[in-house]
Amino acid sequence: MDMTLNSLGRKVPLELPGVGSFAPYMSPFSMLGQPGTIQGTQMHMRRPAPARSKVVENIEKAVELSGLKDGMTISFHHHLRNGDAVIPMVLDVLQKMGFKGLTLAPSSIPDVHDCIADYIRSGLINRLYTSGVRGELGKLLSRGELNIPVVIRSHGGRARAIEEGSISIDVAFLAAPACDPLGNITGSIGPSACGSLGYAMTDARHARHVVAITDNLVKYPLNPRISIPQYLVDSIVCVDSLGDPKKIATGAARITRNPVDLKIARDSFRLMKSSGIVEPGFSFQMGVGGASLAVAKYLEDYMKEKGIRGSFGLGGVGGYMAGMLEEGLFDAVFDVQSFDSAVTKSMQEDPRHIEIDASWYANPFNAGCIVHNLDCVILAALEVDTDFNVNVLTGNDGVLRGASGGHQDTAAGAKLSIVVAPSFRGGVPSIKERVTTVTTPGETVDAIVTERGICINPRREDLLGSALKSGLSIVDITALKKEVEKLTGIPRPAEFNYDKVAAVVEYRDGTLIDTVYARKS
Amino acid sequence: MILLNTASAGTLESSDCLVTVSPAEKLKLEYKGANSEVFAERTMQLVESVSKKCCLSGAEISIQDQGALEITIKARLETALIRAVKGVAKE
């Protein structure tokens, strides 16, 4: 394989047989600021006879109508999270129908779908484009069992790849929590309600053929909300259930009681405050668990106390963000993906809770995505390094076990991007000399907050100045790394088989930021 | 130091480890847990240095590491060895 070094000193391939050619990563905005346009994917025109219903008997029939053939590309969305039963249901049918060599290009893969590993072994799937991989599937890929390397993309990067044609979806199978007989779809109503259908909206718009799968066929017209319009949907299949509602829309995540996470959250908030960014009109994205979510508690108290009203919240929206909208702490919330049942209600009842598609959220190659308007984002990490690079994809053993998600998109877009991480986890330090895999470049990370102090990127002297003035506990990242290693010892880096590329990691602009090799067996 | 019987120290709680030591002619380490790969050398060195300090002739040592810090493993190992010498089988 022809490899080159990118600007971060990572070896990346120039060409992946069976996938295409790639440019190496240069810098966060090296592909932006260009005049003119580039030709994107063409629209797929259809000419069906007028009909009053698109409902077909079963998945087999819908697949036949779709014209799916061996070697084509299919997609799914992951809005049903770990409650999803649609991906296994459809793959099982495709397997029984005898398909081979399909490319699976879902928006991401829920943790529970270890079955995909079996469909790779059986030959049903031979290529995979996704945001993340975990569990058995991650282990299989890290053993190098898939011949063609997986392409890992961020949420914004995937939207870009679909719109430019790097991912050409032949058939999108879209789980639809509410659907009418002509294919108007929303995710915010029904027994399997999941909130926003942001990722599915992008697939529906660009797939050659769209199959809606629903357990809740409603009378025409679906109302009051339509997320995906009927003119994008070719056929509809009714099934008993899309999955387990308890796992689709979990209870609202609570603020952590873990004192380490709370200290990290409090210090992150203090850093935000010291930077002067928490002002009227402020915009914010946070995670939905651990220290990242806990930042919202400190932020909420402060905004209330000072009477600060923000502009918008963005996400990955959980119940906490929906609550802040309800309290009037933000003018609006943009929601590409919802995380719990409280959100579904907010989206249904509050017009300021705005459902957005993946491209609107984070695609760097459209006329303006929302992450570029973010003031502050709080992000988690599996590991970081002394150059502030972040890894959210591979574990200490080098095995694929995470997802790129919106990490690199929001880090690049936000004025202040804060990564929160305990200084060690399970006895292993979080700060490395070099992260195993770069998913988010250090150039886009402004600070790393740990319970043992705040590390500020040397590129942000202004932030360092304001933090010191506010009396925050600032520590040099290399010094902190040494301090933690005194407690834990120095871990041995994972060993890889450098002849076998298991995955490539795209940056949001389509350049390659890193390569994940199979583990040494 | 000569071990008289099998003894253990520690727990299987996260961030702790369970160390079990038994009399044996030579030093033998079985290191298990999620970190057994990344910390294989570090833990071997730790066991060797504790053994040397205690003039331990031989022992069969098993460490189930639940993500413990180095200092925790050291303390659990020393305690297990003291118990094995005193003849206290367990807590």
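**A walk through a two-chain model**

Hi everyone, let's begin with a single residue. Arg76(B) has 27% relative accessibility and counts as partly exposed. Here buried means under 20% relative accessible area, exposed means over 50%, and partly exposed lies in between (1.4 Å probe, protein chains only).

A word on the ground rules. This is a predicted model, where local features need pLDDT of at least 70 and side-chain atom pairs count only at pLDDT 80 or more, while totals for chains, interfaces and linings use all residues. Residues are numbered from 1 along each chain as its sequence is written, chains are lettered from A and ligands numbered from 1 in the order in which they are written, and side-chain values use heavy atoms, with hydrogens and water left out.

Back to our arginine: which residue forms a salt bridge with Arg76(B)? Asp16(B) does, with the closest N and O atoms 2.7 Å apart. This pair links distant parts of the chain: Asp16(B) sits in the loop between β1 (7-10) and β2 (17-22) of chain B, Arg76(B) sits in helix α2 of chain B, and the two are 60 residues apart. By salt bridge I mean a side-chain nitrogen of Lys or Arg within 4 Å of a carboxyl oxygen of Asp or Glu. Helices (H or I, at least four residues) and strands (E, at least two) are DSSP runs, numbered from the N terminus.

Side chains of opposite charge can pair when their charged atoms come close. Over all chains, the search finds 37 salt bridges. In chain A, Asp375(A) and Lys415(A) meet in one, at 3.5 Å from N to O. Asp375(A) lies in the loop between α12 (358-362) and β20 (376-380), and Lys415(A) lies in the loop between α13 (407-413) and β24 (416-420), 40 residues apart.

Glu145(A) is in the loop between α4 (135-142) and β10 (150-152) of chain A, Arg121(A) is in helix α3 (residues 115-121), and 24 residues separate them. Glu145(A) is partly exposed at 38%, and Arg121(A) is partly exposed at 44%. Both belong to a network of salt bridges that also links Asp118(A) and Arg143(A).

Now, where do the two chains meet? Chain B gives twelve residues to the contact and chain A gives 14 residues, with contact meaning heavy atoms within 4.5 Å. Together the chains bury about 1000 Å², 52% of it on carbon and sulfur atoms. On chain B's side, Glu37(B), Val38(B) and Leu69(B) supply 49% of the area buried against chain A, more than any other three residues. Buried area is the accessible area (1.4 Å probe) that two parts lose on being put together, summed over both.

The interface holds two salt bridges by the rule. Glu41(B) and Arg492(A) meet in a salt bridge at 2.6 Å, N to O. The elements giving two or more residues to chain B's side are α1 (40-53) and α2 (70-86) of chain B. The largest share, three residues, comes from α1(B). By class, that side has six nonpolar, two polar and four charged residues; Ala, Val, Leu, Ile, Met, Phe, Trp, Tyr, Cys and Pro count as nonpolar, Asp, Glu, Lys and Arg as charged, and the others, Gly among them, as polar.

Let's finish inside. In soluble globular proteins, nonpolar side chains tend to be buried together. A nonpolar core is a set of buried Ala, Val, Leu, Ile, Met, Phe, Trp, Tyr and Cys residues joined through side-chain atoms within 4.5 Å. The largest has 86 residues, and those with the most contacts inside it are Ile74(A), Leu91(A), Leu94(A), Phe173(A) and Ile228(A). Leaving out residues up to four places away in sequence, Phe173(A) touches residues including Val63(A), Phe76(A), Val90(A) and Val211(A). A second, separate core of 40 residues includes Phe269(A), Val278(A), Ala296(A) and Leu325(A). Leu325(A) is also one of the buried residues of helix α10 (residues 319-326) of chain A. What covers the buried residues of α10(A) includes α9 (290-306) and β17 (310-317).
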